Amino acid sequence: MGLKGKLIASLEVRGGGHSIFDIYHTNTHHVSNISPSIVNHFEIHEGEVVKDGSIVSWNYNEDGQKKIVKQVIEAIDPHEKLIKWKVIEGDILELYSFFTIVTSCEHEWTTWSFEYEKKFEDTPEPLNFLGLILDVTKHIDDHLLKQ
């Protein structure tokens, strides 16, 4: 059994948390256009848009390396503006036995939570990955303010 961890970060968004949620929920395919330096490609493998049970993948850049993460959407709550993804394939599972990502959006805040289990005791916390997601959220917020 590895070491379990949880990271939580909240980011103030000027365009409103509901707008960030809308991008991730119904316009996810635009994220690669909004933040092309980080997200190269988004694909839906099973299901529609982003709904419970949909399987999606993201190609992204981390520390100059191309990486992929494939996820199943475990929950979407439009009233709470919450989406929960479970990683089922990809580079991140080389270091972690399981990895879930939850985003929740309210008024002027977007909160990201990671729950994971390290495969090895000396595995670093996923701070770089969290930083990437926060950067993408900032890019989306900037994009929404320009519209």
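At what angle do helix H1 and H3 pack, and how far apart are their axes? The angle between helix H1 (residues 17–26) and H3 is about 110°, and their axes lie 10 Å apart. Axes here are lines fitted to C-alpha atoms, for helices over the stretch in contact, and angles run from 0 to 180 degrees between N-to-C directions.

This is a predicted model, in which local features need pLDDT of at least 70 and side-chain atom pairs count only at pLDDT 80 or more, while totals for chains, interfaces and linings use all residues. Residues are numbered from 1 along each chain as its sequence is written, and side-chain values use heavy atoms, with hydrogens and water left out.

## Helices and core

The angle makes H1 roughly perpendicular to H3. The cut-offs are these: under 35 degrees is roughly parallel, over 145 roughly antiparallel, 65 to 115 roughly perpendicular, and the rest oblique. Helices (H or I, at least four residues) and strands (E, at least two) are DSSP runs, numbered from the N terminus.

H1 brings Ser19, Ile20, Ile23 and Tyr24 to the contact. H3 brings Val136, Thr137, Ile140, Asp141 and Leu144. Contact means heavy atoms within 4.5 Å. By class, the contact of H1 with H3 has six nonpolar, two polar and one charged residues. Here Ala, Val, Leu, Ile, Met, Phe, Trp, Tyr, Cys and Pro count as nonpolar, Asp, Glu, Lys and Arg as charged, and the others, Gly among them, as polar.

The largest nonpolar core has 40 residues. Such a core is a set of buried Ala, Val, Leu, Ile, Met, Phe, Trp, Tyr and Cys residues joined through side-chain atoms within 4.5 Å. Tyr24, Phe99, Phe114 and Ile140 touch the most other members. Helix H3 (residues 127–146) gives the largest share of this core, eight residues. Leaving aside neighbours within four places in sequence, isoleucine 140 is in contact with Ile20, Ile23, Tyr24, Val31 and Ile34.

## The sheet

Seven strands form an open sheet in the order S1-S7-S6-S5-S4-S3-S2, with antiparallel pairing. Two strands pair if DSSP finds at least two bridges between them. Strand S1 (4–12) and strand S2 (39–46) are the edges, each pairing on one side only. Neighbouring strands are turned by 25° against each other on average, direction ignored.

|---|---|---|

## Turns and loops

S3 and S4 form a hairpin with two residues between them. Aspartate 63 lies in the loop between S3 and S4. Aspartate 63 has a positive phi of about 55° although it is not a glycine. Is aspartate 63 buried or exposed? Aspartate 63 is exposed, with a relative accessible area of 62%. Buried means under 20% relative accessible area, exposed over 50%, and partly exposed in between (1.4 Å probe, protein chains only).

S4 and S5 also form a hairpin, with four residues between them. Lysine 81 in that turn has a positive phi of about 55°.

Histidine 107 sits in the loop between S6 and S7. Its phi is near 35°, a positive value in a residue other than glycine. Histidine 107 counts as exposed, at 69% relative accessibility.
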